[in-house]
Amino acid sequence: MAKKKTGGAKNAGTKHAGGAIDIGISGADRRKVADGLSRFLADTYTLYLKTHNFHWNVTGPMFQTLHVMFETQYTELALAVDLVAERIRALGYPAPGTYAEFAQLSSIDLAPGVPQAEEMIRQLVAAQESVVRTAREVFPLAEKASDQVSMDLLTQRMEVHEKTAWMLRSLLQ
Ligand SMILES: [Fe+2]
């Protein structure tokens with residue numbers, strides 16, 4: 001992690017050839033948002049992997065429904081991680097992209113083994129909710145930094161995860 005030049009508002013306005021980022025958000029604030037988005041990325045990626053794993057391994061009378069539903073969900077998540085990672089890059093910081101970093105940053109547990117279909121749904125509801133909670137924690141950092149783009153991205157992601165959690169939850173009722 002390049003920890004040079006987190007010079008805050010002073011540096012944010014500095015311009016030199018090919019260099020400084022001047023989008024009206026200080027380096028220190030961009031870093032706080034990027035760190036928060038990195039946790040959000042790790043959660044989203046971990047949820048992606050969990051959902052894809054369950055798509056592969058689900059069995060039972062609900063196989064067809066869940067196999068297809070999980071595919072829709074992991075496909076959406078695969079696109080979403082790209083948006084989050086590229087937002088971190090636009091803020092001027094490296095995006096985490098290794099399993100080691102994701103495991104360290106994520107709030108979602110990837111338990112080994114193959115749960116029964118209903119337990120898979122329960123785990124996915126919990127994981128979807130966990131991603132929303134992380135987004136809600138990161139949001140104020142973006143708000144304080146006047147980073148409307150990250151606020152918008154987080155808001156859109158929260159909407160998707162809350163809706164998906166509802167759909168999964170409905171299968172259990
Ligand atoms: Fe498949």
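## Met120 and its surroundings

Met120 counts as buried because it has 24 C-beta neighbours inside 10 Å; a residue is buried if 20 or more other C-beta atoms lie within 10 Å of its own, exposed if 12 or fewer, and partly exposed in between, with C-beta atoms placed from the backbone. Met120 is found in helix H5. Helices (H or I, at least four residues) and strands (E, at least two) are DSSP runs, numbered from the N terminus. Apart from residues up to four places away in sequence, Met120 touches Phe54, Val58 and Pro115; a contact requires C-beta atoms, placed from the backbone, within 7 Å. Met120 and Val58 are 62 residues apart in sequence, with a C-alpha to C-alpha separation of 7.9 Å.

## Model and confidence

This is a predicted model, in which local features need pLDDT of at least 70 and side-chain atom pairs count only at pLDDT 80 or more, while totals for chains, interfaces and linings use all residues. Residues are numbered from 1 along each chain as its sequence is written.

The average pLDDT (the predictor's confidence in each residue, from 0 to 100) of the protein is 92, and 89% of the residues score at least 70. The pLDDT is below 50 over residues 1-14, a stretch with 18 contacts in the model beyond near neighbours in sequence. Where pLDDT is low, the predicted coordinates should not be read in detail.

## Overall arrangement

The protein has six helices and zero strands, and its elements run α-α-α-α-α-α from the N terminus on. Of its 173 residues, 36% count as buried. Among contacts between residues at least 6 apart in sequence, 71% join residues at least 24 apart.

## The pairing of H2 and H5

The axes of H2 and H5 come within 9 Å and cross at roughly 170°. That makes H2 roughly antiparallel to H5. Axes are lines fitted to C-alpha atoms, for helices over the stretch in contact, and angles run from 0 to 180 degrees between N-to-C directions. Angles under 35 degrees count as roughly parallel, over 145 as roughly antiparallel, 65 to 115 as roughly perpendicular and the rest as oblique. On the H2 side the residues that meet H5 include Val33, Gly36, Leu37, Phe40, Thr44 and Phe54; on the H5 side, those that meet H2 include Met120, Leu124, Val131, Val138 and Ala142.

Ala142 has its place in helix H5 and is buried, with 26 other C-beta atoms within 10 Å. The C-alpha atoms of Ala142 and Gly36 are separated by 8.7 Å, although the two are 106 residues apart along the chain. Not counting residues up to four places away in sequence, Ala142 touches Val33, Asp147, Ser150, Met151 and Leu154.

The 28 residues of H3 should span 40 Å at 1.5 Å a residue, and its end C-alpha atoms are 41 Å apart, which agrees. The expected span is 1.5 Å times one less than the number of residues in the helix. The buried residues of H3, among them Leu66, Phe70, Leu77, Val81, Val84 and Ile88, pack against H2, H5 and H6.

For helix H6 (residues 148-171), 24 residues should span 34 Å; its end C-alpha atoms are 35 Å apart, which agrees. The buried residues of H6 are Ser150, Leu153, Leu154, Arg157, His161, Thr164 and Leu168. These pack against helix H2 (27-57), helix H3 (63-90) and helix H5 (117-144).

## The nonpolar core

The largest nonpolar core has 39 residues, of which Val33, Leu37, Leu41, Val81, Val84, Ile88 and Val138 touch the most other members. H2, H3, H5 and H6 each supply at least two residues of this core, and H5 gives the most, with 11 residues. Such a core is a set of buried Ala, Val, Leu, Ile, Met, Phe, Trp, Tyr and Cys residues joined through C-beta atoms within 7 Å. Leaving aside neighbours within four places in sequence, Val84 is in contact with Leu37, Phe40, Leu41, Thr44 and Leu153.

## Loop positions

Ser146 lies in the loop between H5 and H6 and is exposed, with 12 other C-beta atoms within 10 Å. Ser146 has a positive phi of about 55° although it is not a glycine. Most residues other than glycine have a negative phi.

Just after H3, Gly92 takes a positive phi of about 100°. Gly97 is found in the loop between H3 and helix H4 (99-105), and counts as exposed with 11 C-beta neighbours inside 10 Å. Gly97 and Tyr45 are 9.3 Å apart in space, C-alpha to C-alpha, and 52 residues apart in sequence.

Key. Two residues are in contact if their C-beta atoms, placed from the backbone, lie within 7 Å.
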